[in-house]
Amino acid sequence: MRSMVRTSPTAWMVAAAFAGMTGLVPGEAAAEAADAPTLTAEESAKAKQIYFERCAGCHGVLRKGATGKNLEPHWSKELPDGTVQEGGTLKLGTGRLEKIISMGTDGGMVNFDDILTREEIGLMARYIQQVPDTPPEYSLKETRDSWKVMVPVDKRPTRQMNKFNLQNMFSVTLRDTGEVALIDGDTKEIRSIVKTGYAVHISRLSKSGRYVYVIGRDGRLSLIDLWMETPAVVAEVKIGFDARSVDTSKFKGYEDKYAIAGSYWPPQYVIMDGQTLEPMKVVSTRGMTVDGEYHPEPRVASIVSSEIKPEWVVNIKETGQILLVDYSDIENLNVTTIAAAKFLHDGGWDASKRYFLVAANASNKIAAVDTKTGKLAALVDTRKIPHPGRGANFKHPQYGPVWATGHLGDDVVTLISTPSDEKENAKYKEHNWKVVQEVQHIGAGNLFVKTHPTSKHLWADAPQNPEREIAESVAVWDMADLSKPKKVINVAKDSGLPETQAIRRAVHPEYSADGSEVWISLWGGKTDQSAIVVYDDKTLAVKKVITDPKMITPTGKFNVYNTQHDIY
Ligand code: DHE
């Protein structure tokens, strides 16, 4: 059967309009996939919007696959033994695709039967058998045209105008309302709710701790000034159509000077003025993968800011290349390209902040880059789909300094030995860059692990696990003796909120500035009031349940002090 509807650019316009964009050049219309099921124009538009909102993050806009599988109607690849493997959504067919979308997979894809209706699942199963569109590009001029300064630098306060303890403020993602809540860590009161981008993703702090940079999935970057009487957005820019990462310049002499944000589509990063967000430079990340093949959609995944050089570590997902972007001369930009492994995603610093460890998640590896020498330090094989968030650093009783990651696709927390210049750690050298222990977790589906230098506990969530009991719980280990049984805490039950139909996923443990409390989000349904449950890190008892009718889909929480200083 031939598709009756040419997949038109209008749905990209819908997705773009949805993302708050105007005046786009329409993308290239897709060719028809012979034998693909038929879609009406309205169905096609709706499917594109759902794909943009729910699927593109893992599978890519061009559907070539990354964390998620390739979803092109037809693909073929040559295997090392010379044989050619073929596959594609057309081969799987509507029935099988509906099952996969509904029930999820062992590989880490969640079940969508509690997110999409049956009709929507059927629609998506048919849609992904069509040839994908190529969405429009986005230039420096368009980036500049979207740029707004609400409060110019000379009209901003010259000292902190509120009485809040800013160091212990939390910027909390309210994912589905496109807002962040600024919550006072001392009083647990919501101080301000700030409108930001669609499905807002992460917050990062400027080196001074004054500015919060918030990136939405629609590419909207908002700059919040915490010194204002009521902290509010002072500048905004749209850096692309689909984005996940942002950071600022943290090297001595460059504090709060520049910002960088990474875009998924188009695949590029933007360097901006740190206090106004004025776009200065856009750099494409298209190019060759570590296997020597050209990739049209190498998306910018995590970005971190070095404190030992004026550099950002920019991790490119599809090519598996780690870029060290030297911002000391933006005009003559110097970029070191380090070949690591494909599908780089999230990661964090080791305890010395010399090495950055990043998950090459679909390759089941952790890549470590030495930012002092500008070279790859190690590629460590791990269990399936490592997903560290920023990871967790602590001193293992037997193996010395380790960095921990959880896994989306396996039920362990992996501990990797990291180098240290301290004399007392010299004896652990032989273990460096080896997996020294795998600690049994409550299930697969972990997203974030966390600890704090003052804590004796290691926390891990499992929000992507299909079992309600597991997804609503976290596990806590005593780092001094990991053989002791872990404590399993059901965060949903502890919240005291009535059970809802949607699973309330316990996600993203985050410490208070002094390391005495751990905050965990209950990520409920789009219309459900949810909560953040605050635990005493010593006793593991509930200290406070922060809830409010406006507390909808809280996910990431970014403590000002810990984020500013990369403490984890
Ligand atoms: Fe994230 C970090 C990408 C889904 C919550 N997420 C990151 C980073 C990337 C990324 C590249 C690292 C940023 C950095 O450090 O610069 N996330 C993606 C996706 O592509 C993905 C898988 C699918 C998508 O469509 O977006 C995805 N992420 C999610 C969620 O569904 C989460 C759980 C809830 C939400 O709010 O969207 C989520 N991601 C987070 C959080 C961090 C993050 C809380 C920061 C962790 C930290 O402690 O710093």
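Buried means under 20% relative accessible area, exposed means over 50%, and partly exposed lies in between, with a 1.4 Å probe and protein chains only. Leucine 458 counts as buried because its relative accessibility is 1%. This is a predicted model: local features need pLDDT of at least 70, side-chain atom pairs count only at pLDDT 80 or more, and totals for chains, interfaces and linings use all residues. Residues are numbered from 1 along each chain as its sequence is written, and side-chain values use heavy atoms, with hydrogens and water left out.

Start at leucine 458. This residue sits in strand S30 (residues 457–461). Helices (H or I, at least four residues) and strands (E, at least two) are DSSP runs, numbered from the N terminus. Contact means heavy atoms within 4.5 Å. With neighbours within four places in sequence set aside, leucine 458 is in contact with Ala392, Phe394, Val413, Lys450, Thr451, Ala475, Val476, Trp477 and Met479. Proline 509 is 51 residues away along the chain, and the two C-alpha atoms are separated by 9.8 Å.

Rolling a probe the size of a water molecule over the atoms shows where empty space is left. Here a cavity is a set of points, on a 1 Å grid over the protein atoms alone, where a 1.4 Å probe fits but cannot get out; lining residues have an atom within 4 Å of a point. Grid points are joined across faces, edges and corners, and a volume is the space filled by probe spheres set on the points. Three cavities of 30 Å³ or more are counted by this rule. The largest cavity holds about 90 Å³ of space. By type, the lining has three nonpolar, three polar and five charged residues. Nonpolar covers Ala, Val, Leu, Ile, Met, Phe, Trp, Tyr, Cys and Pro; charged covers Asp, Glu, Lys and Arg; the others, Gly among them, are polar.

Now turn to the ligand's iron atom. Which residue is its only protein donor? It is His201, through NE2, at 2.2 Å. Donors are N, O and S atoms within 2.8 Å of the metal (3.2 Å for Na, K and Ca); water is not among the atoms, so sites may look incomplete. Histidine 201 lies in the loop between strand S6 (190–195) and strand S7 (202–205). Glycine 197 is found in the loop between S6 and S7 too. Glycine 197 is buried, because its relative accessible area is 0%. Beyond residues up to four places away in sequence, glycine 197 touches Gly178, Gly216, Asp218, Arg220 and Ser222. Its C-alpha atom is separated by 32 Å from that of glutamate 469, 272 residues apart along the chain.

Next comes the loop between S7 and strand S8 (211–215), where arginine 210 is found. Buried or exposed? Arginine 210 counts as buried because its relative accessibility is 11%. Its side chain makes a polar contact with the side chain of aspartate 225 at 2.7 Å. A polar contact is a pair of N or O atoms within 3.5 Å; within protein, one must be able to donate a hydrogen and the other to accept it, and residues adjacent in sequence count only if both atoms are side-chain atoms. Leaving aside neighbours within four places in sequence, arginine 210 is in contact with Arg156, Pro157, Ile224, Asp225, Leu226 and Trp227.

Some backbone details deserve a look. Tryptophan 265 and proline 266 are joined by a cis peptide bond, with omega about -15 degrees. Proline 266 lies in the loop between strand S12 (258–265) and strand S13 (268–273). Lysine 188 is not a glycine, yet its phi is positive, near 70 degrees. Threonine 553, also not a glycine, has a positive phi of about 45 degrees. Threonine 553 is found in the loop between strand S36 (542–552) and S37, and it counts as buried because its relative accessibility is 0%.

Finish with helix H4 (residues 118–127). Seven of its 10 residues are buried: Glu120, Ile121, Gly122, Leu123, Met124, Ala125 and Tyr127. Helix H2 (41–59) and helix H3 (89–103) are among what covers them.

Definitions and conventions:
On a 1 Å grid over the protein atoms alone, a cavity is a set of points where a 1.4 Å probe fits but cannot get out, and a pocket is an open set with protein on both sides within 12 Å along at least five of seven lines; lining residues have an atom within 4 Å of a point.
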